[in-house]
Amino acid sequence: MTGENIRNGLSLDPSPECRRVCIVLHSFDRGGSGRVAAYLARGMAARGMAVTVLLFTDQGEVDAVIGPLVGADVEVEYLGHARGPRGLDLARGLPALVRALRRIAPDTVIAGANNVALVTAAAMRRGATGERA
């Protein structure tokens, strides 16, 4: 560890075990959890991690704001389109999330919001057991 990459005794360099990261959100906007996720994604990408933001829907202010916030090194993937209540979007998007996680094979998955975390945990479980989505 170099001196410039250590703060408070913690390395800011990604470990070899955590090079590929997925951040899962329902949708994106420039406030709250969306903005925090964008800054987190951008910071991880700046440290050499391959970061993908998976969005269940393309609803919200997505295209106009997410690119400049996450930066060019972060991949953004939409799993579907908004077609009803949030819970229905999440349920409909579960198979696409399972496929995306299998394809990307991330070392770390971060899910925003409780209901997205629950569906992401279900996707991880389905993906880990090899069940078809």
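Hi everyone, let's begin with T57, found in the loop that runs between β4 (50-55) and α2 (62-70). Please keep in mind that we are looking at a predicted model.

So, is T57 buried or exposed? Its relative accessible area is 0%, and the cut-off for buried is under 20%, so T57 counts as buried. Which residues does T57 touch, if we skip those up to four places away in sequence? They are H26, S27, Y78, G80, H81, A82 and D89.

Let's pick H81 from that list. You'll find H81 in another stretch of chain, the loop between β5 (74-78) and α3 (86-104). H81 has a relative accessible area of 54%, and because exposed means over 50%, we call H81 exposed.

What does H81 touch, again leaving out residues up to four places away in sequence? F56, T57, D58 and D89. With D58 there is also a polar contact between the side chains, at 2.7 Å. And if you look at L55, its C-alpha atom is 9.5 Å from that of H81, although the two residues are 26 apart along the chain.

Where does α3 bend? At L94, by about 45 degrees, with a proline, P95, following within four residues. After α3 comes A105, and its phi is positive, near 50 degrees.

Technical notes:
Residues numbered from 1 in each chain as written. Predicted model: local features only at pLDDT ≥ 70, side-chain atom pairs only at ≥ 80, totals over all residues. Heavy atoms only, no water. Helix = DSSP H or I, 4+ residues; strand = E, 2+ residues; numbered from the N terminus. Buried < 20%, exposed > 50% of the residue type's maximum accessible area, 1.4 Å probe, protein only. Contact = heavy atoms within 4.5 Å. Polar contact = N/O pair within 3.5 Å; in protein donor to acceptor, adjacent residues only side chain to side chain. Bend = angle between axes of the 7 residues up to and from the residue.
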